[in-house]
Amino acid sequence: MVQTPDPVQLTIELIRCPSVTPEHGGAFDMLAAMLEMAGFVCTRIDRGEVKNLYARWGATAPVMAFAGHVDVVPVGDITAWTHPPFSGDQQDGIIWGRGAVDMKSGVAAFVSAAIAFAATHHGDGSVALLITGDEEGPSTDGTLAILDWMAKTGEQVDFCIVGEPTSLERFGDTIKIGRRGSMTGTLTVTGRQGHAAYPERAENPLPVLTRICTALAETPLDLGSTHFQPSTLALSSIDVGNPASNVIPAEGRAVFNIRFNDTHSSESLKVWAQQLVAEHLAGTECTAEIEWRVSGESFLTEPGPLTEFVTQAVTDHVLEMPALTTGGGTSDARFIKDLCPVVEFGLVGDTMHQVDERVPERDVRALSEVYLDILKRFFG
């Protein structure tokens, strides 16, 4: 009988793999070997510099999946760390290191749970694991590469849990059933350069730019919806790049980010922004354009049977009902939602991306137990 890996020890071993995007530091080699010994069929799906792993146990429907990433953000000032960032040191029940929370512990927890389930389940059904090395980077060659491969090979999944750290204050207090969309606009307003002493001979783009920025920032987008908070728009940069105080510049730029709920799409917001810009260009000789980058659309997995058994599994372990929310940033769930219904559940994310990232051992074990319970409920 295959021995189930200890999720705490596996977390430590994964932390010891230096895997700043797009490096994997041997993490995929270790995981593939472990999963193959447990009867999983592993497929390495590499695109560009990025390494990815798809593992499946079973050959029949239904298929439940877990998804996560082993890549991590840079460590910053290494001398500021109490423990070396890739040491996986243990002290007083705490595991230290980059990726301890986000999210090598999550991967370790669902790998351990999946292997334990495969060793005892004798009915129909399959378990799939989607593990990427490009979640913290551009996110173009990670989960998207796996999904492209799945579409070509006919791999199907009925339900997926993304193991991102979703809990806010205590382990198990939050499940994410959706995410807001995210898009970034780079606005360029162009006028006509001239001497500051003769403004009538120029067309200054900066007053127009500032009026547009004020309108963008101060115009409410909506009042929220049933499962989402109000959409937000945040200015993140205003730049002229003009070193001369006696020169009216030819153009100015501003960058803004919109986090939007399910009352909008990226296309509807583009139309809204373009109309707002056009209103403020009226009566001037300036022109403007917006360059867009859409990170993902908003999505929601409606509360129902799929969310209920996840909620019940969490409740039985932590003895409190988790909140179902859609807040926070983006994750690879924004891609997986096109494949199947998806929810996110994981550890408390209070130290992710920080110096001295760390996680309690007890929470890692509890997460693996919840994942195993979810598998049993799904196939039961």
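Setting aside neighbours within four places in sequence, R334 is in contact (heavy atoms within 4.5 Å) with S139, S295, G296 and F299. The model is a predicted one, in which local features need pLDDT of at least 70 and side-chain atom pairs count only at pLDDT 80 or more, while totals for chains, interfaces and linings use all residues. Residues are numbered from 1 along each chain as its sequence is written, and side-chain values use heavy atoms, with hydrogens and water left out.

R334 sits in helix α8, which spans residues 333–336; helices (H or I, at least four residues) and strands (E, at least two) are DSSP runs numbered from the N terminus. This arginine is buried yet has no salt bridge, and D332, the nearest side chain of opposite charge, lies 4.1 Å away. Here, buried stands for under 20% relative accessible area, with exposed over 50% and partly exposed in between (1.4 Å probe, protein chains only). A salt bridge requires a side-chain nitrogen of Lys or Arg within 4 Å of a carboxyl oxygen of Asp or Glu; Lys and Arg count as positive, Asp and Glu as negative, and His and the chain ends are not counted. The side chain of R334 does reach the backbone oxygen of S331, at 3.0 Å.

S139 also features in the surroundings of D134. D134 lies in the loop between β6 (126–132) and α4 (143–153) and is buried, with a relative accessible area of 2%. Not counting residues up to four places away in sequence, D134 touches T21, V50, D71, S139, T140, D141 and G142. Its side chain reaches the backbone nitrogen of S139 at 3.1 Å. D134 and T330 are 196 residues apart in sequence, with their C-alpha atoms 14 Å apart in space.

Beyond four places in sequence, I131 touches F28, L31, N52, L53, G68, V70, V107, F110, V111 and I146.

Helix α1 (residues 7–15) is mostly covered, 7 of its 9 residues being buried. These are P7, V8, L10, T11, I12, L14 and I15. The packing partners of the buried α1 residues are α2 (27–37), β4 (90–91), β5 (94–96), α3 and α9 (361–379).

The cysteines complete the picture. C42, in strand β1 (residues 41–44), is buried at a relative accessible area of 17%. Residues in contact with C42, leaving aside those within four places in sequence, are A32, L35, E36, L53, Y54 and A55. From C42 to Y54 the separation is 12 residues in sequence and 5.8 Å in space, C-alpha to C-alpha. The structure holds 0 disulfides, a disulfide being a pair of cysteine sulfur atoms within 2.5 Å. C160 is in no disulfide, and the nearest cysteine sulfur, that of C340, is 5.2 Å away. For C286, also in no disulfide, the nearest cysteine sulfur is that of C213, at 13 Å. Both cysteines are buried, C160 with a relative accessible area of 1% and C286 with one of 6%.

Note on methods:
Polar contact = N/O pair within 3.5 Å; in protein donor to acceptor, adjacent residues only side chain to side chain.
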